[in-house]
Amino acid sequence: MALTAQEMEMVQDTDVVAHIERQAEAIRARAKAEGWTFFGVPTTAHADDYANVYEYELSMALGQFSDLHKEVYGFRPRGMAPKHLSLSDVDILINETLEQQDQMNRRHEDDHQVLEAWNAKQLDLAVDQLDENWDKYDALADRMGF
């Protein structure tokens, strides 16, 4: 597993708490600038579990990928060896899964449009049949003197 220059810098950075605090502050600043009323920030509670920023970021990326995979496919990924994946590899997996989600959403929208067109046609047919039935009942009522 070859690491990029940015990943190597993360391996060298062992101050995980400061990294998390910088991320949290960036989120707070963005939230304030954009007027968010509800948001979450990462916690430093388990920062000691990570030897460096790279391990922390890899763990967060793997969690994000797992959540995204479950959202898109309905189950968490299995059979992937996270020990052999770099942060760059996980980012690629996340982007590929997001692309797949976009394709699925477009197909769903296309299917929805086809279904809506079919439903509209069925409704038109039902209304036409209803009109014909009312015409029959009106004619029958006329013959009966109503």
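Trainee: Which residues of helix 4 are buried, and what makes them count as buried?

Mentor: In this predicted model, the buried residues of helix 4 are Leu87, Val90, Leu93, Ile94, Thr97 and Gln101.

Trainee: What covers the buried residues of helix 4?

Mentor: The cover includes helix 1 (5-12) and helix 3 (53-73).

Trainee: How do you know that the span of helix 4 agrees with its 58 residues?

Mentor: Helix 4 runs over residues 87-144, and at 1.5 Å a residue it should span 86 Å. Its end C-alpha atoms are 83 Å apart, which agrees. After helix 4 comes Gly145, with a positive phi near 90 degrees.

Trainee: Why is helix 2 called oblique to helix 3?

Mentor: The axes of helix 2 (residues 16-34) and helix 3 cross at roughly 50 degrees and come within 9 Å. That angle makes helix 2 oblique to helix 3, because roughly parallel needs under 35 degrees and roughly perpendicular starts at 65. The crossing is right-handed.

Trainee: Which residues make that contact between helix 2 and helix 3?

Mentor: Helix 2 brings Val16, His19, Ile20 and Gln23, and helix 3 brings Val53, Tyr56 and Glu57. By class, the contact of helix 2 with helix 3 has four nonpolar, two polar and one charged residue.

Trainee: And at what angle do helix 1 and helix 3 pack?

Mentor: Their angle is about 115 degrees, with the axes 6 Å apart. Glu7, Met10 and Val11 of helix 1 meet Val53, Tyr54 and Glu57 of helix 3.

Trainee: What makes two residues of the contact of helix 1 with helix 3 charged?

Mentor: Glu7 and Glu57 take part in the contact, and they are classed as charged because Glu counts as charged. The contact also has four nonpolar and no polar residues.

Conventions
Residues are numbered from 1 along each chain as its sequence is written. This is a predicted model: local features need pLDDT of at least 70, side-chain atom pairs count only at pLDDT 80 or more; totals for chains, interfaces and linings use all residues. Side-chain values use heavy atoms; hydrogens and water are left out. Helices (H or I, at least four residues) and strands (E, at least two) are DSSP runs, numbered from the N terminus. The expected span of a helix is 1.5 Å times one less than its number of residues. Buried means under 20% relative accessible area, exposed over 50%, partly exposed in between (1.4 Å probe, protein chains only). Contact means heavy atoms within 4.5 Å. Axes are lines fitted to C-alpha atoms, for helices over the stretch in contact, and angles run from 0 to 180 degrees between N-to-C directions. Angles under 35 degrees count as roughly parallel, over 145 as roughly antiparallel, 65 to 115 as roughly perpendicular and the rest as oblique. A crossing is left-handed if the near helix is turned anticlockwise from the far one by less than a right angle, and right-handed if clockwise.
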